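Subject: A structure for you to look at

Hello! I am passing a structure on to you, together with some notes on what turned up in it. Please open it first and keep it beside you while you read.

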Amino acid sequence: MNAANPAIIKAFEILNIDLECHEAFLAQQGLFVDGESVNTSELNSEILIDEISEKGDYILVVEGAIANGPEGSGRYCMAGGCTCKEMFKKAAQNANLIIAVGTCAAYGGINSASSDIVDLLDFRGVAFTKKDPSKGMLKVLGIDKPVINIPGCPAHPDWIIFTLSALISGNIKVPEDLPEVLDEFGRPKVFYPPNYTVHKDCPRYVFFKKGEFDSHLGGDKCLLKLGCRAPSAHADCTLRKWNDGHSYCVQAGSPCIACIEPDFPDNARPLYSISIKKKEED
Ligand code: SF4
């Protein structure tokens, strides 16, 4: 929805995308109207998803990690009376292809960050959890589908729209072209180049070379000592930039947190740390 050129509605028109179901775009009223359950797909998205799944022949785009906990029930994430795990199963089983958008859908993201409760929650990405393809939700459900990962926290709108465009125009054929166009973590190499990092064309690179580093946010030197993870972040943010090509994290003064990598956010923690100086007593 943050796409700028083309804007999202224009992109739907150009690509002839028939948006079958999307919680924010469609105007379903929910499961009940005036206390009575609604039994048409026009008003009830649960029925709509059943109908779409039955018909088959669609691309499923997934946002967000999918809860498997507690104990494989998926009940840590519910929508209406249904677990997201169940809803995902329904939508995934007849899809031609699945696109996992955002680091949570691709790899679990912040939901799978290490913590005391991470095993209990047991959030999964679609085809991977962190770097592990044996722990994706599709494996749990025993569903075998081609998957394209578009990670990022958030994902760049160009990465999503251009991937859809390449698929719809037939420039990427599924599944035969996928091993060639995707990297080992299922990302399109054209946006997440294996031999290129966010560090490479950084406007602060000259300071990196000279060994001049900022020690506080707000400066204009290299941010490496403030935790910049760009040297291990494989994405084209520096060239593509964000918000219609306006700027990107490092240009705006924030260290890169490598949000497109499968081990995010553990690879970048702590994102910020605050030191509180104790006021000296008089
Ligand atoms: S600020 Fe980050 S991306 Fe830029 S030169 Fe330093 S380490 Fe590399």
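Where is the place of N243? N243 is in the segment after helix 10 (237-240), where helices (H or I, at least four residues) and strands (E, at least two) are DSSP runs, numbered from the N terminus. The phi angle of N243 is near 50°, a positive value in a residue other than glycine.

Some background: this is a predicted model, in which local features need pLDDT of at least 70 and side-chain atom pairs count only at pLDDT 80 or more, while totals for chains, interfaces and linings use all residues. Residues are numbered from 1 along each chain as its sequence is written, and side-chain values use heavy atoms, with hydrogens and water left out.

Have a look at the open sheet of three strands, which has the order 3-7-9 and parallel pairing; two strands pair if DSSP finds at least two bridges between them. Strand 3 (59-63) and strand 9 (147-150) are the edge strands, each pairing on one side only. Strand 3 pairs with strand 7 (residues 97-101) in the parallel sense over five bridges, and E63 stands opposite V101 in strand 7. In general, strands of a sheet pair through backbone hydrogen bonds, either parallel or antiparallel.

**Two cis peptide bonds**

P6 is found in the segment before helix 1 (8-15). Another cis peptide bond joins V174 and P175, again with omega about 5°. You will find P175 in the loop between helix 7 (157-168) and helix 8 (178-181).

**The second largest cavity**

On a 1 Å grid over the protein atoms alone, a cavity is a set of points where a 1.4 Å probe fits but cannot get out, and lining residues have an atom within 4 Å of a point. N5 and P6 come up again here, as they are among the residues that line the second largest cavity, with A3, A4, P157, D158, I161 and F162.

**The ligand**

The ligand sits in the largest cavity, meaning that more than half of its atoms lie within 2 Å of the grid points of the cavity. P231 is one of the residues that line the largest cavity.

Enjoy exploring it!

Notes. On a 1 Å grid over the protein atoms alone, a cavity is a set of points where a 1.4 Å probe fits but cannot get out, and a pocket is an open set with protein on both sides within 12 Å along at least five of seven lines; lining residues have an atom within 4 Å of a point.
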